[in-house]
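Please read the following report alongside the sequence and the coordinates; a surface site is taken up before the interface between the chains.

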Amino acid sequence: MSNLSTRWKFVILATAIGTVSVPLSLLIFPPPKLPPGMVLPPAALVALIGLKLLEGAALGTGISFLVFGYAVLKRAGQPKPLTVLAYASIAWYLVNWWPHDNLHFVLGASGAIYPLLAVEYAFHQTLIAGGVILALFFYQVMRQAASRSPRSRPPLEKESI
Amino acid sequence: MGMRAKVLVTTAVVAAVCFPMTFVIWPADRLLEGSGLVPILGYGLLAGECLALGAGVAFLAFGYPAVRRLPVSPRLATASYIGIAFLLISWWPHDHLHQLVERLDFQSLIWGIAALEYFFHGGMMVCGGILALFFYRVLIEAPVRVPASPAERLQEVTAS
């Protein structure tokens, strides 16, 4: 493993975690029982399995990013608090879907409102905060990269956000 | 008006407009109607969604000049710019459509949830991938900076 490039290590770790996460999600978050007399249409089952695969892939990519990503973001030369927050936000945007979607399914089926609110605050509000942090980080990186670019483009406003 | 003030004003105005509009477009939201702490927490969520929508619109309005100057392909630059905006704007329709879908009968509920999850959750995963590629291209593959000559710096100052 030590002779592999970082890119391959990233892909192998992401694939391994993604593969394990799909059966694990069925174990930790067993699908809610259907109402009596209801049958899940086969096409809907395929769509839901597709979601599980996407969530697993995102979880694996997020954990790989947590392991290998900080060195990349550090190169942006931004202040350390913003870099750490951007790193955490990107990872959260990838990792969160696995517990998030599963909890929505499990808690949504129960119809209880406080658990739903807890999910909304824990996931939706933190993702919104992550979006704001990423917009700021993206803007700062854009300004820096644009000032390095040899392209002749209209000048930027000098003030940063 | 400076860029920071423009962004803050745009965010506040858009949030102030979309907050009351929520009750017109999605009149029945069980997170805003319950008893006890539920409506307080529900209004907190709504405020967060409206502010995120405002921030997304401000980013769309004022972020583009920097996008045009990026040292990556215009397609990747534009996709990243739209991706960031989607991460901010999508929560307002996303959360309320979830509330709406929950009221449907079983068959429609399954298809509604699948559609929302693919469009919003899947869309955000795709945006995450685009942003990862953007940061990789800009931070790892970007050309090494060559210090500008005095003549170039003078040209930049004159142009700005």
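In this predicted model, B:V24 is exposed, with a relative accessible area of 67%, where exposed means over 50% with a 1.4 Å probe and protein chains only. B:V24 lies in helix α1 (residues 3-25) of chain B, helices being DSSP runs of H or I with at least four residues. Together with B:M1, B:V9, B:V13, B:V17, B:M21 and B:I25, B:V24 forms a nonpolar surface patch with about 670 Å² of accessible area; patch members have over 30% relative accessible area and no salt bridge, and nonpolar side chains are joined within 5 Å.

| Property of the A–B interface | Value |
|---|---|
| Residues in contact (heavy atoms within 4.5 Å) | 60 of chain A, 62 of chain B |
| Area buried between the chains (accessible area lost, 1.4 Å probe, summed over both) | about 5,900 Å² |
| Salt bridges (Lys or Arg side-chain nitrogen within 4 Å of an Asp or Glu carboxyl oxygen) | zero |

Of the area buried between chain A and chain B, 72% is on carbon and sulfur atoms. In chain A, A:W97, A:I128 and A:F138 lose the most area to chain B, together 11% of what that side buries. Several helices of chain A, among them α2 (42-68) and α4 (80-95), each supply at least two residues of the side that touches chain B, and the largest share of that side, 23 residues, comes from α6(A).

Residues are numbered from 1 along each chain as its sequence is written, and chains are lettered from A in the order in which they are written. Local features need pLDDT of at least 70 and side-chain atom pairs count only at pLDDT 80 or more, whereas totals for chains, interfaces and linings use all residues, and side-chain values use heavy atoms, leaving out hydrogens and water.

Terms used
Patch = residues over 30% accessible without salt bridge, like charges linked within 9 Å, V, L, I, M, F, W, Y side chains within 5 Å. Areas by Shrake-Rupley, 256 points an atom, 1.4 Å probe, with all protein chains shown as cover. Buried < 20%, exposed > 50% of the residue type's maximum accessible area, 1.4 Å probe, protein only. Buried area = accessible area lost by both parts, 1.4 Å probe.
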